Amino acid sequence: MALHSDVFWVGRQWAVTGAGIQAVDQRLRGVLDIDVTRLWDDALVQSRRAKPGVNAADFDTALTMARERFPMMPVEAPESDPIVAQLKALGVIEAPIVSAVLPAMQLRAEGRLARFLPQWRIRR
């Protein structure tokens, strides 16, 4: 994946762009890139930092600059949303909402040939 058009900082191995932290080496095709929304996910950051061949000092500088540029957004309680409050008052929502963030989509086709996967079509 090519570097995002908004480049804020470029180091030896990493760049801080409008998309987050991206590897300068384009042969990696975006495998090690960290999206803006995942900059504060410490498990992901540590897993990327532990990869072989990663320049730790350059990565830490990029992470610091990216976190300064894209601060962590406060997560509002879902109960503060007026639509959720109204649905709760009507009794539509019975269980408390744990998180307003949707779970990541799981790709279950990894390691399987595409021609053997079931096909789906939209009927009109």
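Two strands are said to pair if DSSP finds at least two bridges between them. Strands (E, at least two residues) and helices (H or I, at least four residues) are DSSP runs, numbered from the N terminus. The model described here is predicted, so that local features need pLDDT of at least 70 and side-chain atom pairs count only at pLDDT 80 or more, while totals for chains, interfaces and linings use all residues. Residues are numbered from 1 along each chain as its sequence is written, and side-chain values use heavy atoms, with hydrogens and water left out.

The secondary structure of the chain consists of 3 helices and 4 strands. Along the sequence, these elements follow the pattern β-β-β-β-α-α-α. The chain has 124 residues, of which 21% are buried; buried means under 20% relative accessible area, exposed means over 50%, and partly exposed lies in between (1.4 Å probe, protein chains only). The accessible surface of the chain is about 10,100 Å², and carbon and sulfur atoms account for 58% of this area. Accessible areas come from the Shrake-Rupley method with a 1.4 Å probe; for residues, only the protein chains shown count as cover. Contact, in what follows, means heavy atoms within 4.5 Å. Of the contacts between residues at least 6 apart in sequence, 35% join residues at least 24 apart.

The 4 strands form an open sheet in the order β1-β2-β3-β4, with antiparallel pairing. β1 and β4 (34–35) are the edge strands, each pairing on one side only. In general, strands of a sheet pair through backbone hydrogen bonds, either parallel or antiparallel. Strand β1 (residues 7–10) is joined to β2 by 3 bridges, and the two run antiparallel. They form a hairpin with 3 residues between them, and W9 stands opposite V16 in β2. On the other pairing, β2 and β3 are antiparallel over 4 bridges, and a hairpin of 2 residues joins them. Within this pairing, V16 has I21 of β3 as its bridge partner, and A15 has Q22 of β3. Helix α2 packs on the sheet, where it touches β1, β2, β3 and β4, and its direction makes about 5° with that of β2. For such angles, axes are lines fitted to C-alpha atoms, for helices over the stretch in contact, and the angles run from 0 to 180 degrees between N-to-C directions.

Strand β2 is covered on both faces: W14 and V16 on one side, and A15 and T17 on the other, are all buried. T17 belongs to strand β2 (residues 14–17) and has a relative accessibility of 0%. Apart from neighbours within four places in sequence, T17 is in contact with L3, H4, D6, V7, F8, Q22 and F70.

A nonpolar core is a set of buried Ala, Val, Leu, Ile, Met, Phe, Trp, Tyr and Cys residues joined through side-chain atoms within 4.5 Å. The largest such core has 16 residues, of which W14, I21, I34, L39, F59 and A62 touch the most other members. Two or more residues of this core are given by each of β2, β3 (20–23), α1 and α2. The largest share, 4 residues, comes from α2. The contacts of L39, leaving aside neighbours within four places in sequence, are I21, I34, V45, L63, A66, R67 and F70.

A salt bridge is defined as a side-chain nitrogen of Lys or Arg within 4 Å of a carboxyl oxygen of Asp or Glu. By this rule, the count is 3 salt bridges. One of them joins R38 to D41, whose closest N and O atoms are 2.9 Å apart. R38 is partly exposed, with a relative accessible area of 40%, and D41 is likewise partly exposed, at 28%. Another is formed by D42 and R67, with the closest N and O atoms 3.1 Å apart. D42 lies in helix α1 (residues 42–49) and R67 in helix α2 (residues 56–69), so this pair ties together parts that are 25 residues apart in sequence. The side chains of D60 and R49 also meet in a salt bridge, at 2.8 Å from N to O. This pair links distant parts of the chain, with D60 in helix α2 and R49 in helix α1, 11 residues apart. D60 is partly exposed at 28% relative accessibility, and R49 is partly exposed at 31%.
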